[in-house]
Amino acid sequence: MRSILKRFLLRPIPYFFTDIVGVYIARLFSRSLKKELSGKATDEFLELLLRGMDLAFYLSKGYRKNIRDFEGRYLFKTADNLVAASAIFKDGDMEVLEDVIDDWDIMITFKDSEALLAYIFSKDQDILDSILANDVEVEGNLNYIYKFGFMVRDLAHKLGVG
Amino acid sequence: MDKEQQVAIRDLSLEKYDLTKRVSYLKDIYFRAMPEICIERPRIITKFHENSGLFKKKSITILDKARAYRDVLERRTPIVRHSCSYEKGVKKMKRFKFKEAPLFAGSTTSKFKGVPLYPEFLALALWPELWTISKRASNPFHITDNEVKKLNYEIFPHWIENNITELARKRCYEENLKKYGLNKHDPEMKLLERLVIFLASKPNCISHTIPDFSKAIKQGLRQIIKDVKKKKEETSEDSKKEFYTAISEVLEGIITYSKNLAAEAEKLASKERDPVLKKELLDIAEINSHVPEYPARTFREGLTTIWICWIAIHLENPNVGLSLGRLDQVLYNLYRNDIDTNKLTIEQAIELICCLWLKIGDHVPAIPDAGEQLFGGSGSNQAITIGGVDKNGKDVVSDLTYVMLRATELMKLRDPNLNARYYQSEKSRDYLRRLCEVNINTGATPALHNDKAVIKALVHKGETVEQARDYGVIGCVEPGSNGRFYGHTAAILLNLTSALELTLFNGRHRHTGMDLLISTESGDVTTFTTFEEFKAAFEKQTRWLVEQTTNLNNILGRIHQDFYPTPILSAFFEGPMKKGKDLIQGGAMINSSGATIIGLADVADSLSAIQRVVFEERATSFADLLQALESNFEGYEFLQKRLMNPDKTPKYGNENSAADANVSWIVELLDKAFGEKMNYRGGHYRVGYWTMTNHAGFGRLMKALPNGRKAHENFTSGITPVSGVTPYLTKALNSVAKQPVGCLSNGIALNLKYTPEHGNKEKMLDNFVASVEGYFDDANGERDGGMEIQFNITTHDDFVNAVANPEIYKELLVRVSGYTAYFKDLNPQMQKEIIDRTEYLLSTGKARDFAPFPLPK
Amino acid sequence: MLQRSKLPLIVDIKRNSLEDGPGIRSVVFFKGCPLRCMFCHSLETQEPWVEIAFSSKECIKCGKCADTCPNGAIDVDFLGRIHRDKCVRCGECTITCPGNGLRLIGTYYQVEALTEILLRDLSYYRYSGGGVTLSGGECTIYPDYVGSLLISLKAKAVHIVLETSGYFEYNTFKQKILPYIDLVYYDIKIADPRAHNKYIGKPNQRILKNFCRLIKEKRVEVRPRIPLVPGITATRENLSAIVGFLCEAGADDVTLLPYNPMGIEMAVNLGRQKPHIPEGFMKPDEEREVYSMFRTILGEKKKMGAVLVS
């Protein structure tokens, strides 16, 4: 019963991270939504996504194993600084901030909010694709991005949608 | 006593020998099997680093590393026979079982066809894909859930701060903080991570060289250990003592690994009921308990020594162009002895070589998906060299050369990448004819190297004639003296069209946007009044790039020196054993580094177009030309047509002296700019022109160019002229053959596409041979002659069909630019590049018989 | 240096040719021919003067040519582009054209310049047993120029093939050209004198006579060839008559050249009347039919010869 409940609660989250979400959202809100999701709206959206991940860590012990001894400080933002969110992993926990943090391990700067959305809605959130498209500038240790990429897909995998 | 190499066989084609049952079966399962990720090595290495506190150390010594590798060698499971693998299924891969009976035990990974991971280098880039990698569209790898978990929880986390890239980044941070007071400042790494300017291979490997196995074969590792111990006692220097101890450690590890295989074979034999198989296992047990510890007594033992040492080298380093050298030289004595004493037949020799070739290809490199999209389809590019002259200048083509050619012809494999040396002379034309014939029959191999031109190029760079004559081919096409040359020949892969881009846009790059000054300003081209001014600006940008790329390479090299000593590779090199010094510390006899240039023809033709159209004829202004480039020639069709017309705009490869002179100017500029730079081992940089698949990858990222090429189209490969500039093959060949080889010392790849015909085979061969001879010829010293040439001989229709039906064409072998690849593994952009290459005919192209009718008298 | 007026025009220098004689060859196509074969597959080489060809496949319709033409002879909306009656063949338009839509046919080369180009592939000739082939047009109409070209090529021992229609003045040919030729491809097209006049524009006595002399004098290897043109040369009567002539002349063998309809497109490009000849290449079974007919003819000749001898 509990596992059914968990699946039910968590099911929507990975959709934000997989290819299905593009189709899903497009169907629901039509393409115009993507355009409206600029500026402040994107900011909240990004934060929402990170909080979704945070919630998953909170709810799933198996998933929490990913961050047991993991320390890492991530800063996601757009070049114009309109959108920014940070994720801090420490002591087996994840913390999501709306602000720009200074001592990041990795800073991911999207060219603009469209580039950020393109990344989030892309088929496999491959940061290398975004770098090749010149949509993103990455500063710092790339391995943190790879680790983050795994955690995103691990969530999808654990819920059987990946 | 060395036996004199000679050709005793009558039929050079060895046509009557076919694949044996054993090899056919092995080859069949080899092509069926999908690669599987192997976590054995990373698991043992990570544990060792953790337990020995190596992650916390400020630097890692050669002895630390030697102990780590000995640990891997001794702990890894000795596998004599694989029994299962995975194959393509409907939805996902499915397991299949087989019973292989190879003649060599051991494998580079724990899998039948493995993907070895090196978390020290770039393995972590696969992290996000671990759950999906077995399902990805291009080149998927199998991995079990348990292996994913082990990598995710136990292996990868340790390397987040400790792989070569991040250690180098930290080093940049530290140095730039000291120099400029800037925090987290790493412009060197940043330039690399823009991915459009250049690639560096040091974050990925220590590779691209040729070890020498002759000592291991002739004396055995035990003798080398004895020698090393003596050297250790004789020296008073601690660093040397440490070096020699490290060498003993790894050699002991290699011996143990082989003995473990022997024990496993014996165990299997005791359970085996089939007397034939039992005998085979006992043979393996006997051989592996003897070599590589002691001198090889037979041809098969010699091959086993090479194979076991080759495995060991893989446990130290990823194979990116690690090459085996002149195997027909190294093994000749054993071969001749066995044949003369009737211990070996030619059929058995071919079977042994076939089995070794399959073993050599028992692993594939790990590439992240985005990398596949740009640069995919590569094997490890393990080159083997046959033929050519020896140190004394004597032609040493032998029976064994032909045995290896026959095995290659029968197997048609991507790895090893066979390279044939040819020393031009009247009496060796039968050999060249046979090389051409194997090319027709395999469609893509071997690549042909012109001994006279290559030796001249190497001597020009300061090697002795003896060293130069004993060159082997590394990776794709790069020449280097066997066991003496540590020349990391693929250290830098420079996209030369970026130098052009930075010139055209005054230090900016359209890919990264006009707001960002990437390099340095070289002037607004629209204000230039002469072509010389433009060339000066191009030179400035090129030199800036050379400065940046060599600087970063040196930073990365120093990180290798501090964290990645290489005891195993050093054990098989002449210099380190003499000097008591690791290869990466400059232990080799020859210590150069190599750069290769992508986009030569496109850049040279762009320069020629600017020279003719903008400055000489003033047919368009520079401002208009830039506008045309910006709009990708939309609305500028007239100009584009003009720029692309070889009759009106000079093109390299069309025997146009202005265009060819621009090519020479560029290769001389690059040779000088790189040649002036010192590397971290005290050697100089050398420049070559081979592009693997990078001309397609970089092409995809770059916008329109002044030679009329539109945005995102492929660049031309290697040193090859742009497709379509001339329908006449000899013109293209002459333009290449007159380039100064002294400036091409890191090798060239000239890609030629022939259309196979069902015509008169002998006539086709006549023309094939004559084309190669004419291209290699130095025209009585008027030119250097072409250094290298390689072929694709497959019909246009077959290529087009292979795009649509990859499964039917899974063995279709092609030359990319340098190495060989399976066509189906290439990404669509690269497939298109091969399809679009100019096709030349080997005969008249008419299948009809033109034979005259005799008239009655 | 020869004066321009003394130089022949060259249409093309084909390199790496594998079908114009043994080995790898360079082929020089001279412009100008005394014959006017209506089925000529190389129309561009007939007239000895400069011509302008228009290829619609290559044209991007930029219209720059019309702006350039000093005589207003070019009309972008006109199918053939050039109103030939107004065109003086000055070539301005071919310089303006960005691609190969408008091409100037015919270039002058000094002997030295042509020799230099032809010697660039010397190593390929040597390794393949190839060399230079003189083709056309009919190069024997320029005996002085060809003679000095051959002398400079022979200085490097280049193997020379001559492709000829046989319509030359024998003594001049023998004196200036023949000594340097290693192999002659000699086209015999039509045996019947009247038909020859009709399709070729000249009588054939000279051609046949020259052939017989060449064979008789045995100074050079001569290989006769018959270009196949359905309905014109590829008829039983004609082939049979040619074989008869060749046997009598003492030729060793004969080669059939497959039909090549390229002349039709060239005629259109040059603004001439389209010739009334078959538009496509011969189909394989058509070709087989002609070949088997030819074999029958040879068989009959053999029998006849045997009867005559006995």
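**Exercises on strands and chain contacts**

In this predicted model, 4 bridges join strand β15 (residues 751-755) of chain B to β16(B), and the two run parallel. Residues are numbered from 1 along each chain as its sequence is written, and chains are lettered from A in the order in which they are written. Local features need pLDDT of at least 70, side-chain atom pairs count only at pLDDT 80 or more, and totals for chains, interfaces and linings use all residues.

**Exercise 1.** Determine the pairing partners and the burial of β16(B).

*Solution.* 
1. Helices (H or I, at least four residues) and strands (E, at least two) are DSSP runs, numbered from the N terminus; two strands pair if DSSP finds at least two bridges between them.
2. From β15(B) the chain passes through helix α30 (residues 761-776) of chain B to β16(B), a right-handed β-α-β crossover (with the strands pointing away from the viewer, the path from the first strand over the helix to the second runs clockwise).
3. Strand β9 (residues 447-450) of chain B pairs with β16(B) in the antiparallel sense over 2 bridges, and B:H449 has B:E788 as its bridge partner.
4. In β16 (residues 788-793) of chain B, 6 of 6 residues are buried (20 or more other C-beta atoms, placed from the backbone, within 10 Å of the residue's own).
5. In a regular strand the side chains alternate between the two faces of the sheet. One side of β16(B) carries B:E788, B:Q790 and B:N792, the other B:I789, B:F791 and B:I793, and all are buried.

**Exercise 2.** Describe how chain B touches chain A.

*Solution.* 
1. Two residues are in contact if their C-beta atoms, placed from the backbone, lie within 7 Å.
2. The contact takes 24 residues from chain B and 24 residues from chain A.
3. Helices α4 (145-159), α5 (164-180) and α15 (369-375) of chain B each supply at least two residues of the side of chain B that touches chain A.
4. Chains A and C do not touch, their nearest C-alpha atoms being 33 Å apart.

Note on methods:
Buried ≥ 20, exposed ≤ 12 C-beta atoms within 10 Å, placed from the backbone.
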